[in-house]
Number of protein chains: 2
Amino acid sequence: MRTSVKNSLLLLSFCRIINSLNRFSNNESVVLPVAVTIKELSAACGLSVSTVSKALNDYPDVSQETREFVRATAARLGYRPSAIARSLKLGRTFNLGVLYADDSGSGLAHNYFSPVLEAFKSEAERRGYDITFITHHMGSNQMTYLEHCLYRNVDGVCIVCCDFQDPEVLELVSGPLPVVTIDHVFHDHSCVESDNRAGMAELTQYILSRGHRRIACIEGSAASVTSVRSTSFLRTMREAGIDVPEEYLVQSVYHNPAAARQVTERLLALDSRPTCIIMPDDYAALGGMESIRAAGLRIPEDISVAGYDGVPLLQMCRPRLTTVRQDTVAIGTAAARKLAHLIEQPRITFQETISIPCQLIPGETVGLPPA
Amino acid sequence: MRTSVKNSLLLLSFCRIINSLNRFSNNESVVLPVAVTIKELSAACGLSVSTVSKALNDYPDVSQETREFVRATAARLGYRPSAIARSLKLGRTFNLGVLYADDSGSGLAHNYFSPVLEAFKSEAERRGYDITFITHHMGSNQMTYLEHCLYRNVDGVCIVCCDFQDPEVLELVSGPLPVVTIDHVFHDHSCVESDNRAGMAELTQYILSRGHRRIACIEGSAASVTSVRSTSFLRTMREAGIDVPEEYLVQSVYHNPAAARQVTERLLALDSRPTCIIMPDDYAALGGMESIRAAGLRIPEDISVAGYDGVPLLQMCRPRLTTVRQDTVAIGTAAARKLAHLIEQPRITFQETISIPCQLIPGETVGLPPA
DNA sequence: ACGTTTTAGTAAATCAGCACAGTATTTTCT
DNA sequence: AGAAAATACTGTGCTGATTTACTAAAACGT
């Protein structure tokens, strides 16, 4: 070892000379960032490839001296292990799949999910994972979500914002990969969601406290197994001793202003019109408010409106929407953390549903009921 | 060949039996989606690995018969080539890096860039590429943008929405990878951008046509080499024979309502207050409008405001912002297409700046100047 | 001084594919 | 009929890492 270190130190200074020659030959002062392989590094160190690999990966059977020397040389040459080669051997890619199929078509521009995703991505990166979006139309050949995941060898998947009834999603969930879902609970799988029960209860109570009694609620996803929000709304109303006429609880679609617009029109046409309407979400609320304005009604003087999500952008518009803020950062972060745990400690990590508190934002769109 | 096909047909039916046995042994009716390797496939076909590979990759020297047989068997076994192993040999990953470092902190939730990115992603996927976000804080160890790209072996990079003066960005641009930028031109590199000159000219002319003469313009990026928008604004004003006082052209930051708010306050405090303010972008306009409202002024009766970008969400708010819509879909799509060309036909693809037309949206925030 | 343990390193196998060179076998041409 | 050419397939090597099994040398105890 001692001699080989000496040799490599010799080689090292030789390299320096070559390097400085290069600097003069092409007129750039930076070393060309061509990828250095472990083989070149081992040659530069005067050690075998295996030893270099061990030194870099903290194996116990290399001397401290060698370890440091290898590390230093690696740093000097700008060596970065090829993620590809490493993945091939390790069977891990340090890539997380993100299934983000948005039926409403907003994709990455989705008001609620894109900040969630941003937080997920940040936390994933902090833990050394890159993310890969999962689709089923890669190039010319179709593949299912699961096939895409296996093709790219992602270490785990986060399922966000999609049709949870889709057979392809079910296939993915029952597949071999660790899965975390957001806003939907699958049996025996981990999930992160807002505490929608509490959130909706708080919102409803707030609206009640302003004196409203005729409150309508437009439900987002009809198909959703857990329409916790409307359940919570109904329960809170019942507890307040108010019964909700059947026509006050209507079905619509999440994140779809046009749909909300239609449904709102129907609500406005009712004989006993509600004094307040709870929209499926902030974005949909915009559609609802449009139809209210179109009917010549003022918000909140003639009718009150509440949203859900707490889209920051809308908090800067007038009138400021009364809504429930979902903690997108906490949701995304928790999902990434959970998924990393499921991947890294599959034995000791248990499946759970993580509930993130949300917060009422009393804006300007819920006022007193008209006299 | 003929015999080997016969053999493999025999083997095939044998496999079917095994398979059906499996179906009975574990009580699931689907075949476990464990990744099938080319080796297993070759065994199932009774052919060598090379032949199978050739059959799948459309090499000329396999018979039509064999090709179809291999394809069919592959489909039956659910074989998918491992992207990892293929990348290792080919030196290509079919992954595109996306550098999306947003100083304003909105990340994926950015109002203008996230739809651009969505379009980029869609087009990339259509062409068989996945995308990988490039950062410099992967896990515990820092790396530069270029290092991250080399580590993940992306085939090319799209640079969006970042500080184009950052030395790391410059390193990436001068690196060995094909690069396409959005909204910033580097010499000898391809770029996609809105035709901001025409867009801003149209906006300015529109404002002039409403009778405004005292028009202020808040510039987005001070550092930007090509502050085309403000140049175009000034030129249009000059052509209309109006000279713009120095204090009407002010610096701020893109996508930052708070900054716009401050700057707007200063504009409002001027002795000869402008009758119309052009904001850096729609989102910043929200901040500007806030400070206008805080000053007790009405929009557009007392003062007019224009944005830039055409964020769809804001078009659903009242008052509807007068703005210039950037064609995010065309921009993202063009960028992906260009990058794919640069990767796939490096010789015959030339570097160019692609200019996408944008469109004036006459909203409600630019009215007549107060009398 | 001898055998045993520990330490520090190396060679070779492996991952899953692709590409090149090579080899039978058949077909074509003169 | 014999040489040349086309066809259809196989074997080997290589991509860049990790890991297992193995070996040489040093340290140690008796």
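In which sense do strand 1 of chain A and strand 2 of chain A pair, and over how many bridges? The pairing of strand 1 with strand 2 (residues 130–134) of chain A is parallel and comprises five bridges. Here helices (H or I, at least four residues) and strands (E, at least two) are DSSP runs numbered from the N terminus, and two strands pair if DSSP finds at least two bridges between them. The model is predicted; local features need pLDDT of at least 70, side-chain atom pairs count only at pLDDT 80 or more, and totals for chains, interfaces and linings use all residues. Residues are numbered from 1 along each chain as its sequence is written, and chains are lettered from A and ligands numbered from 1 in the order in which they are written.

Within the pairing described above, Val98(A) has Phe133(A) of strand 2 as its bridge partner. Five of the five residues of strand 1 (residues 95–99) of chain A are buried, so this strand is largely enclosed by the rest of the structure. A residue is termed buried if 20 or more other C-beta atoms lie within 10 Å of its own, exposed if 12 or fewer, and partly exposed in between, with C-beta atoms placed from the backbone. In a regular strand the side chains alternate between the two faces of the sheet. Both faces of strand 1 of chain A are covered, with Asn95(A), Gly97(A) and Leu99(A) buried on one side and Leu96(A) and Val98(A) buried on the other.

Chain A as a whole has 14 helices and 14 strands, and 46% of its 371 residues are buried. Of the contacts in chain A with a separation of 6 or more, 72% are between residues 24 or more positions apart; two residues are in contact if their C-beta atoms, placed from the backbone, lie within 7 Å.

Strand 7 (residues 190–194) of chain B runs parallel to strand 13 of chain B and is joined to it by four bridges. Among the residues involved, Val192(B) has Ile354(B) in strand 13 as its bridge partner.

The largest nonpolar core contains 169 residues, and those with the most contacts inside it are Cys158(A), Val160(A), Cys158(B) and Val160(B). Such a core is a set of buried Ala, Val, Leu, Ile, Met, Phe, Trp, Tyr and Cys residues joined through C-beta atoms within 7 Å. Not counting residues up to four places away in sequence, Val160(A) touches Val98(A), Leu99(A), Tyr100(A), Phe113(A), Val116(A), Leu117(A) and Ile182(A). Another core, of eleven residues, lies apart from the largest one and includes Ala44(B), Val52(B), Ala55(B) and Phe69(B).

Leu172(B) lies in helix 8 (residues 167–173) of chain B and counts as buried because it has 24 C-beta neighbours inside 10 Å. Leaving aside neighbours within four places in sequence, Leu172(B) is in contact with Leu99(B), Tyr145(B), Leu146(B), Cys149(B) and Val157(B). The C-alpha atoms of Leu172(B) and Cys149(B) are separated by 8.6 Å, although these residues are 23 residues apart along the chain.

The contact between the chains takes 46 residues from chain B and 45 residues from chain A. On the side of chain B that touches chain A, helix 6 of chain B gives the most, with six residues. The residues on that side divide into 24 nonpolar, 13 polar and nine charged, where Ala, Val, Leu, Ile, Met, Phe, Trp, Tyr, Cys and Pro count as nonpolar, Asp, Glu, Lys and Arg as charged, and the others, Gly among them, as polar. Of the interface residues of chain B, 98% are also interface residues in chain A, so the copies meet through the same surface.

Several backbone features remain to be described. Most residues other than glycine have a negative phi, and most peptide bonds are trans. A cis peptide bond with omega of about -10° joins Arg318(A) and Pro319(A), and Pro319(A) lies in the loop between helix 13 (312–315) and strand 12 (323–325) of chain A. Asn153(A) has a positive phi near 55° and is buried, with 21 other C-beta atoms within 10 Å. Asp188(A), with a positive phi of about 65°, is exposed, with 8 other C-beta atoms within 10 Å.
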